[in-house]
Protein chains: 2
Amino acid sequence: MKTDEPQTARTGTARDKILTAALSVIRMKGYAATSVDDLCTAAGVTKGAFFHHFDSKEALGIAAAKHWSETTSIFFAEAPYHKHADPLERVLAYIRFRRDILQGELAEFTCLVGTMAQETHQTSRAIADACNAAISGHAATLDADIAAAMRDRGLNPDGSATGWSAASLALHTQTVLQGAFIIAKARGGPAVAHDSVDHLARYVRLLFASKPDRTRNERPPS
Amino acid sequence: MKTDEPQTARTGTARDKILTAALSVIRMKGYAATSVDDLCTAAGVTKGAFFHHFDSKEALGIAAAKHWSETTSIFFAEAPYHKHADPLERVLAYIRFRRDILQGELAEFTCLVGTMAQETHQTSRAIADACNAAISGHAATLDADIAAAMRDRGLNPDGSATGWSAASLALHTQTVLQGAFIIAKARGGPAVAHDSVDHLARYVRLLFASKPDRTRNERPPS
DNA sequence: ACTAACATACCAACCAGTTGGTATGTATCG
DNA sequence: CGATACATACCAACTGGTTGGTATGTTAGT
């Protein structure tokens, strides 16, 4: 006798269930330690369904990275930090937002593609590449705001004068966040990770505090 | 009569070979993807020897984290960045040193305990705790220099005035480095990781450049 | 009738861990 | 000195369970 599943949103039933299950199970146990049977049990489907939709476990890994990329894209696109008028304020609000969602269980705020990239970088370049695309793609959503904030202060976004570009700072935010996840996992909680994201916010403030808007005269805010 | 130091060439043979093999194999393949047989083959010993010295794969993981902690302690204690007279210079030289060793193959500069912490934080708290001890222990070696640099500039090392403590900045350096390893693994090379460590160095310089009497602003990296 | 979407049953390779054994100590006692 | 006793270090073969993957269905929609 099957348990009835009242809630639907029936799109690609089994495939979506596997993908959704993959996001949480792999974030908890890791990619290598997650078996195909684990995934099937968590998704409530059989192995036949799994291999009907995915050629291999590796193919599932790649699909999971892409699925993660899509769902997080929507999540961040709808996040409230975009509402600020000033580009720099948007960047700072983004960092604050990332810090604020660092709470609860580890598997709830941790990054799927960061986890998978670490485990598969030698064993499956295809998965690692998909993870890299997700991370780099998300970092790129910050490029425009950082570049605008730089231009507001007379800085060149390609970093010719400062030694740092908008793109490299955007990537650096992801580096700090990925590192924060590792430290949080080692510690067993997000407390220390918060501090590091605060350091990141302070860094960005210091970077843009060195030169006020419009006037060329030095006037550090106090 | 035996000394309390049982570590000699004859007692350490198989155990040491397994531990040494574990450092490189787990850094390459990850903890979960590394089988006991993999370790035995790499070490050139049999499985019987493995389970004679380690009660389980988990026990090996804990021992490997401790072994890593010991070998890296020696490595960094002997590193040249301690030679500077000024505490801040020592911290900046440390960061420069960390950036400079980010080269070659990924398994050569990557962190064993960061890798293992990520994979085992849910499945084996014992291993994750050993990893945390290694990371926190290494971060603590920076505490004294950062605290001294803060006192030199009239800042309180516990962060009462600035909002950041010496300990939290020390931990933040490890966060950035761990994040840099993830990004390097995702990218397949250390290029972008370099940039992030440069951002970290710039952050520390900015942090200590803002003096109350405002003597100098910023200077290009030498 | 044809196809996509599942399910059931199964497999060979591999997994962590165990077994019973050997070789080489080394401490104790007659 | 030599015999007994016990400990350490290691090994080859094995075990029960798990792995990713396959072969062969069955069902539902068109």
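**Chain contacts and symmetry**

Analyst: In this predicted model, 44 residues of chain A are in contact with 44 residues of chain B (C-beta atoms, placed from the backbone, within 7 Å). Helices H1 (13–29), H7 (112–120), H8 (125–152), H9 (166–187) and H10 (191–209) of chain A each give two or more residues to the side that touches chain B (helices are DSSP runs of H or I, at least four residues, numbered from the N terminus). Residues are numbered from 1 along each chain as written, and chains are lettered from A in the order written. Local features need pLDDT of at least 70, side-chain atom pairs count only at pLDDT 80 or more, and totals for chains, interfaces and linings use all residues.

User: Which element gives the largest share of the side of chain A that touches chain B?

Analyst: H9(A) does, with 16 residues.

User: How does one describe the relation between two copies?

Analyst: Two copies of a chain are related by a rotation about an axis and a shift along it. Here, a rotation of 180 degrees with 0.0 Å of shift superposes chain A on chain B, with an RMSD of 0.1 Å (least squares on C-alpha atoms of residues with pLDDT of at least 70 in both). The copies are thus related as by a two-fold rotation axis. Within chain A, the C-alpha of Gly179(A) comes closest to that axis, at 1.8 Å.

User: Why do the copies meet through the same surface?

Analyst: Of the interface residues of chain A, 98% are also interface residues in chain B, so the surface is the same.

Note on methods. Contact = placed C-beta atoms within 7 Å.
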